[in-house]
Amino acid sequence: MKPVYKEVYSLDKKCYEKYKLTEDILMEHAANSLALEIYKRFPKFSTINIVAGPGNNGADGITLARILQGDYIVNLYLPLGAKSKMCKLQLERFLAVGGKVQEKCVSADVIVDAIFGSGLKRDLSSEIIGFINKMNKAKAFKIACDIPTGIDDNGNLRPVAFIADLTVTMGAEKLALYSDFAKDYVGEIVRADLGVSFNKYKANTDYYIWERDDLGLPIREKQNAHKKTYGHLGVLAGEKPGAAILASMAAMNFGAGLVSIVSHDDKINIPYEIMHSHRIEGFNAVSFGMGIGNHFDDELEDILKLDIPMVIDADMFYKEEIQEFLKKDNIVLTPHPKEFASLLKITGFGEYSTEDIQKNRFDLAKKFSEKYKNVVLLLKGANKIIAFKGKIHIDPNGSVALAKGGSGDVLAGMIGALLAQGYHPLKSTIHASLAHSFAGNYEPNYALTPIKLIQRLENIT
């Protein structure tokens, strides 16, 4: 688990005031981190094009140009000139070692974007948009300094952005790098230290990234056990029973000892290992909402009385009764953006379009979790967001292969399986999400199906 920050100005300020470092020192470390990535990946005398902006992100790029000068063929471009004090100083140093500012773009092995870093709050000018488009079309390895130019502090495009193969982010990882929009632009993310240990640089935060090393699988260590030791999950099947069948199969493959589909349809065709029940009783946890339609509307009051953990998904986010479920403990919600918009409307947050949700994913999830402190929210997307008590946990490990109908049903079943086994709702949600992401990293990425995804749960290590 790694901390992530909405802004790092306060962390840089701590370096100046507490550790007596200077802006110059931080800049040298930032540029050196960029240089190390180039030295590591490209032979000397490769051609490096560096496009630097007029401020301190540009100054990082100019500093990089000076460090590489003599070892590489360095072409520095300043489309907006050098305006900040540090930018002008670094340009003097670059010229002093024999560097030259280029006017005409040439082909290169590497392109470094150092135009604008963090702090972008306005749309790019037509001039810079043109420059970005040319950089994106060029056949070269592309590196972004701090944040790809064109991505603002909320992770939105203004209106285009540099498409990086690698982003070297300075000091600490920024929240903007993990928006759904940013996922197609940031490439690999590497963090650069700025003159002090990260343990000295970092501070408290409400945002965290979860990685493969954080994954905890429901491995069975106790030998003296039986099926009920690992819980009984009930999955409610309604108008579209296939969703419940997928969820139940996923739960069985993710450690639940028993899984029952609850359905009023005696002719429902379910897998042999899944049980069939007409009654919602005897379970350690339930998952419902996916494909349910209106089939259990008359029983929602009875479901509400159950004192067991619940995963609530899909159709339930369009029902007014969801407000009553939010008063309970041990509840996990798993909406996609459109469903979350409906949930926000029902709960009085206001009306939001799906586009509004995507532009403000972190803030809206955080506000929702601050109001409903006993509820775990998993907001689906290119990067899944898990919110609980005002803390945001980000799972950026999934791939586009998961963009298939049924993937969310599998996830609901996996979370339900962990709840049935006695895991805390937050832990259940985080670890099911991670396992879901890693199982979904499938090639070719167009060919993953929910059944293949369920089968791949057996091979996560």
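## Helix H7 against helix H13

Helix H7 (residues 241-253) packs with helix H13 (residues 407-420) at an angle of about 45°, and their axes are 7 Å apart. The model is a predicted one.

On the H7 side, the contact is made by Ala243, Leu246, Ala247, Ala250 and Ala251. H13 contributes Asp409, Val410, Gly413, Met414 and Ala417. By class, the residues of this contact of H7 with H13 comprise eight nonpolar, one polar and one charged.

## Helix H13 against helix H14

H13 also packs with helix H14 (residues 425-439), here at an angle of about 140° and with the axes 8 Å apart. That angle makes H13 oblique to H14. The crossing of H13 and H14 is right-handed.

From H13, the residues in this contact are Ser407, Val410, Leu411, Met414, Ile415, Leu418 and Leu419. They meet Pro425, Ser428, Thr429, His431, Ala432, Ser433, Ala435 and His436 of H14. The contact of H13 with H14 divides into nine nonpolar and six polar residues, with no charged ones. Val410 and Met414 of H13 take part in the contact with H7 and also in the contact with H14.

## The parallel sheet

Six strands make up an open sheet with parallel pairing, in the order S3-S2-S4-S5-S6-S7. The edges are held by strand S3 (73-77) and strand S7 (188-192); each has a single partner strand, so one side of each lacks a neighbour in the sheet. From one strand to the next, the twist averages 20°.

Key:
Residues are numbered from 1 along each chain as its sequence is written. This is a predicted model: local features need pLDDT of at least 70, side-chain atom pairs count only at pLDDT 80 or more; totals for chains, interfaces and linings use all residues. Side-chain values use heavy atoms; hydrogens and water are left out. Axes are lines fitted to C-alpha atoms, for helices over the stretch in contact, and angles run from 0 to 180 degrees between N-to-C directions. Helices (H or I, at least four residues) and strands (E, at least two) are DSSP runs, numbered from the N terminus. Contact means heavy atoms within 4.5 Å. Ala, Val, Leu, Ile, Met, Phe, Trp, Tyr, Cys and Pro count as nonpolar, Asp, Glu, Lys and Arg as charged, and the others, Gly among them, as polar. Two strands pair if DSSP finds at least two bridges between them. Angles under 35 degrees count as roughly parallel, over 145 as roughly antiparallel, 65 to 115 as roughly perpendicular and the rest as oblique. A crossing is left-handed if the near helix is turned anticlockwise from the far one by less than a right angle, and right-handed if clockwise.
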